[in-house]
Amino acid sequence: MFPKKRQRTTAACRSSSTLATISSLSDVTLTEISHNPRPSSPMPDDRPSPAAEDALHYNDAATADVVLRLFIDASSPLYSATADSVSNSDLHVYLHSDVLRRSKYFSALLSDRWIGHVHSPEHSSSSNRDLFRLNLGVAPAAGSIQLHLIVLELLYTNDFAAAVDSASKALDLLPVALELLFEECVRWCVDFLEAVPWTEEEEKRVVRLIPFLSEKESKELVARVWPSGEDSCEAMLQGLISSAMNSYGNTAFVKAFVGKILRDLSSRETAKRVLEKAFRKSLKTVKESLEDYSSPVFRGDQNETEAIQRLNLHKASTNGKHLLWLVERMIELRVADVAVREWSEQAGFTADLQRAFGDDAWRNIVPGLPAVILRCTCRLANAVSAGTILASRQVRRKLVQDWLPVLLVCKDNVSPSNKSLHLELEQTFLRIISTLPMSDAQELLQRCLSFSTRNVEDCPHLVTAFNTWFRRAARPLKPYSLFDQ
């Protein structure tokens, strides 16, 4: 997922590759100690008292025992000298070894391990104090020296709350704190980042910094920016679709929003799998509800049976609306090939629909159910006839063959207010029939005679379909010579 985390123990263990990576993140470069000597760290009994430590101040030349030279590292490939960069590229900061030891990096540099072999320390001309001179090279980027100065001052003040007041500032200071091994500053920056929102650009910076944190430090950040499993996106979409269909009173706005998320999703294959799963689930519920309604098991008194029948119809109607929304999303994303195939294999379902719509019991309970079912059929059939979904000959034939009887029952028993829907589906079925072999078209066209009206001129789609078939039938038999070449 990301590079192995480096161990922050002493400055000596930092690799040049790690330094280069952090430098690109926030302007930190290699640090070195000068050849000017400094004494060993004082023994525990020689350390200043707490009162003396409180008296130490940042950049106080009068009491400092360390002079740190901050300079722009001219050896960096990013270096480009300008008048401004030269004038601000070399600063001296007066510091105190007892405070610097809060940084594990400086603690290592000031240890006997590093300075025990060097000559006696240099003496200041103004006092008998021993001064030790350290050099810290900084990457040539805007604000890099200033960021180091802020972190150095935090060694004295501990005022992290004032210094880290935004995610951007935390991201600026964190690489410097990591480079100097200033653990308290690292923890504060990480805790701040974990608790506040980020911009997209800030998130990219967080992701680039995570490999340089320990596993414990980065745990919450990793949980925020990396999925917990491979199917996280799929599970999230399933939850959104389920909530859009079942959990809100006014589902229209929620469905519109979820539809936008599906359109914007980068993985079309993920959207396809999630929508197909939801489609199958809703279709199964509608089918089972209609089956229970069409073939009821009579138990108890009449009132109880009627209540169960009403419940079955309401369940079918509600899930039918969900089904229509899913079909429209699948067609919109061009992932409805499985839906078309399954819709064409519903001989039992269409038989139940014919029985249900053949009586009048549903009219006062779910008057909109037939229109919902026909709209699902119409959307899928239109997509097939337009070539949006490339369906096989078998699927096209079965789609018309199984759903044509449902259309005919609805025409005879459903309110004329859906006349435009019926006409659209008639036209679509006839277009699909025109794509089939003549033998299939001959069989299906004969079932479409009920599309005719009192005035022949009012059904031009039916006239055109038959004229097309007879024009093709009038051609002479196919010459075998065409296939012998």
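Is C459 buried or exposed? I found C459 buried, with a relative accessible area of 4%; buried means under 20% relative accessible area, exposed over 50%, and partly exposed in between, with a 1.4 Å probe and protein chains only.

**Basis of the entries.** I worked on a predicted model, in which local features need pLDDT of at least 70, side-chain atom pairs count only at pLDDT 80 or more, and totals for chains, interfaces and linings use all residues. Residues are numbered from 1 along each chain as its sequence is written, and side-chain values use heavy atoms, with hydrogens and water left out.

I then searched the whole structure for disulfides and noted zero; a disulfide here is a pair of cysteine sulfur atoms within 2.5 Å.

**Helix α19.** I read α19 as residues 369-385, which makes 17 residues. Helices are DSSP runs of H or I with at least four residues, strands are runs of E with at least two, and both are numbered from the N terminus. From first C-alpha to last, α19 reaches 24 Å, close to the 24 Å expected at 1.5 Å a residue; the expected span is 1.5 Å times one less than the number of residues. Because 14 of its 17 residues are buried, α19 is largely enclosed by the rest of the structure. Just after α19, I noted G387 with a positive phi of about 85 degrees.

Most residues other than glycine have a negative phi. I recorded N59 with a positive phi of about 60 degrees. N59 lies in the loop between α2 (50-54) and β2 (66-72) and is partly exposed at 38%. I also recorded R334, whose phi is near 60 degrees. R334 sits in the loop between α16 (302-332) and α17 (337-343) and counts as exposed at 59%.

**Cavities.** I counted two cavities of 30 Å³ or more. A cavity is a set of points on a 1 Å grid over the protein atoms alone where a 1.4 Å probe fits but cannot get out, and lining residues have an atom within 4 Å of a point. The largest cavity holds about 80 Å³ of space. Its lining includes W469 and R472. I found that α21 (419-433), α22 (438-446) and α23 (460-473) each supply at least two lining residues, and α23 gives the most, with four.

Conventions: On a 1 Å grid over the protein atoms alone, a cavity is a set of points where a 1.4 Å probe fits but cannot get out, and a pocket is an open set with protein on both sides within 12 Å along at least five of seven lines; lining residues have an atom within 4 Å of a point. Grid points are joined across faces, edges and corners, and a volume is the space filled by probe spheres set on the points.
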